[in-house]
Amino acid sequence: MKSSALVFLAAFLAVSASWSGFVLAPQIQLGRSVQTKALGAGDLYPLARPGLARQGLELYRANGCMYCHTQQVGQEGTHVDVYLTEAGTNAAGVIEAIRKYNPDLAKPDTLSELPKKIVQVADVPRAGPVLKALKEGGGKAEPLIVSTGPDIARGWGCRRTVAQDFLYDQPVQPGVRRIGPDLANIGLRPYDADWHYRHLFAPDNVVQGSKMPLYRYLFERRKVGAEPTPDALKLTGDLAPEAGHEIVPKPEARALVAYLLNLRAEAPLFEAPFTPPARKSADTNAAPTTASVP
Amino acid sequence: MTAPSPISSQQIDSSSRLPLFVLFGGAAFWLVLSSVFGLIASIKFHGPGFLADSTVLTYGRVYPAWSNLLVYGFCIPSGLGVGLWLLARLGRTPLARPWLIAIGAELWHLGVLVGLIGILSGDSTGYEWLEMPRYAAMILFCAFVFIGLWGFVTHRLRAERELYPSQWFVLAALFWFPWIYSTAVLLLQVFPVRGIVQASIAWWFSGNLLVVWLSLVGLAAFCYFVPKLTERPLQSRYLALFAFWTLILFGTWVGIPLRATLPTWMPTLSNAAALLMLVPVLGVVAMLVQTVGGTKTACAGGPLCYVKFGICSLVLSGLMLAAAALPQVSRLTDFTWFGQAQNALRLYGFFAMTMFGAAYYILPRVAGLEWPFSKLVRAHFWCGVIGTLLLAVPLAIGGVVQGTKWLNPEILPADVSKATLMFLGLSTIGDLLLLMGGLLFLLNVSVLIFRYYRAVFRVAYAEATAFEPAEVKP
């Protein structure tokens, strides 16, 4: 290249191409996204975060939680579990129908422990004939769409994370590395505010072997007033404060935990369908894991 | 570039003295401070209670302090220093308005300081590689444009009209940064866009900064110093042109991870570009082999060693970038230390080492003095090489181990992090060595600058106290 103008032209062409692709195009495609209706119940999704949780997002940002925790659940695919929900009155007919798809379950015991997973198929159309056969046999059956993949198996969510999940976040923090578990759905998991407080105060004490930094600066130790503070930390052993004192979360800790509890992407969407867990019966639960310690 | 001209190299060098002192002096200081933060962040993995009671020094603030000081504190000012010097030298013209450039450089360092305070006090933006808050970003942007402007003016005033490849790279870099930085700051902080588009812009910015900008400046130095130090012509101009075009055309698309929650065409395109980035890397390797091949120039821990190691790191980092673009590999490496290893190779191994090599060549010439501790140049080289490798190699292996463990839902998160501890331990030693290297660099640069001004002061003092004021040439 002999002239400087040509150099600038080259640089301009290159950077404007990627600018159009990765700045302008997503803005056109997604920048005006609004709430959508979730599948099934049809609730609007997502809802704006409540005020305290919104403050908590600022704490999450200021303290750089995203360097160790992602908020991007991955998914490898879905399959459909066909469940028999009601046997009806024609037991023999239903058992015959089951035999066609899962001979091992074609026995009267199956009908006594409903709902029962009969067979797993790849997708909803393939579940059609099974449902039809069971219905013709006299029973009632339902297909459940289940997401699959290692992240789902860890109990990190019921479906993959999608663009819609970040609609109201500013800044969006999808995360960099998984030094700790993914937090996209930490609010859906069985941890309450008290657990989070104790975990932030002394991670190693709550989750054995945790390398999470201590966030003691989010708490204060003070004398117990006329009445103990309701959400004072219930600590035991070395960590317990001396008599007459209590350790209470500062407003920052309350906001951060409110945000964590608000992290819940539980709406099935067109682009990421699944059957919400509420509709599953407890004893037939296929996926939810036992390994849900963070 | 060898044509006889009325102006001597010495005059050009002395015209760029002040701006280069400010740019490199500040860069060396920020580099050391950045390494200190990096070391603190690294130690926290071994003792989560280490400095944990202070809000300011929590991991999530120390880590971005490390990355931002490294990129904005060290990489960009040192890159600007080398770039400006190359524009002046290759254009055979003195640097235009060195005083104003020095003020611009001071402004840049002020912006970095403000940004650092912002990050530590909890004003980080939450976008990786772009954590400095809005008020600091404004200062940085103005300072860059101001410095860049005088770079252009210098280029316009050049006596040597013919362009040398290094000039293409520097000019493109001067143009590139204001564009990507203003887009990112405006659309993420001033008029924030909604939802996931923010993440797309942040990824686009970091890809353009780390892959394109750093490569442009690093390769500008490479194209100048390798032929200069081996005393052979660059082989060849056409390869350089090829590397330039492919770098800017493919590199600018890199940055969006394969698993990003964006429309599928975006990560796919971005990762195809990451694979294609092997093309300019091959071009650079061909240039190095053909230019240096067959010569027996001993590099003896001097600038040439630095530049050669830089290119080796660039190749390795390019291979890692391409590998992680394959779905089979990215399954293991996404969200792990592997990406950090790739960045470490690019930032420390390629860019920083190339800039050190350039600085060790340039600074004594602009100061007109020898290095105060010339033996430390070699010591610094080995600290840099071993430090980079100890940082990057364990993190890359540890990243794969980490990724494999995350794929198995039976393994508890605490056990995943335990499995990476040994690798993190090795990388802490790497951080320590890089800190030592940085200190050696800072020592040499600061003593050099001190000695220069001491000499100036002595002359001025002698003149002031002389019986008859002597006539001095300006």
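**View 1. The contact between chain B and chain A in a predicted model.** Chain B places 67 residues in contact with 64 residues of chain A. Seen from chain B, several helices each supply at least two residues of the side that touches chain A. They are α3 (59–91), α6 (165–190), α7 (197–230), α8 (237–251), α9 (265–276), α14 (375–407) and α15 (413–465). Of the elements of chain B, α6(B) gives the most to this side, with eight residues. By residue class, the side of chain B that touches chain A divides into 40 nonpolar, 18 polar and nine charged residues.

**View 2. Chain B, a chain with 15 helices and zero strands.** The C-alpha trace of chain B spans about 85 × 50 × 50 Å along its principal axes. A compact globule of 474 residues would have a radius of gyration near 23 Å. Chain B has 22 Å, which agrees.

**View 3. Burial and contacts within chain B.** Of the 474 residues of chain B, 59% count as buried. Take the contacts in chain B between residues at least 6 apart in sequence: 84% of them join residues at least 24 apart.

**View 4. Domain 1 and domain 2 of chain A.** In the domain assignment of chain A, domain 1 is made of two segments, 43–73 and 155–262. Domain 2 of chain A covers 77–148. The centres of domain 1 and domain 2 of chain A, taken over C-alpha atoms, are separated by 41 Å.

Conventions:
Residues numbered from 1 in each chain as written. Chains lettered and ligands numbered in written order. Predicted model: local features only at pLDDT ≥ 70, side-chain atom pairs only at ≥ 80, totals over all residues. Contact = placed C-beta atoms within 7 Å. Helix = DSSP H or I, 4+ residues; strand = E, 2+ residues; numbered from the N terminus. Nonpolar A, V, L, I, M, F, W, Y, C, P; charged D, E, K, R; others polar. Rg over C-alpha atoms; globule rule 2.2 N^0.38 Å. Buried ≥ 20, exposed ≤ 12 C-beta atoms within 10 Å, placed from the backbone. Domains from an automatic or database assignment.
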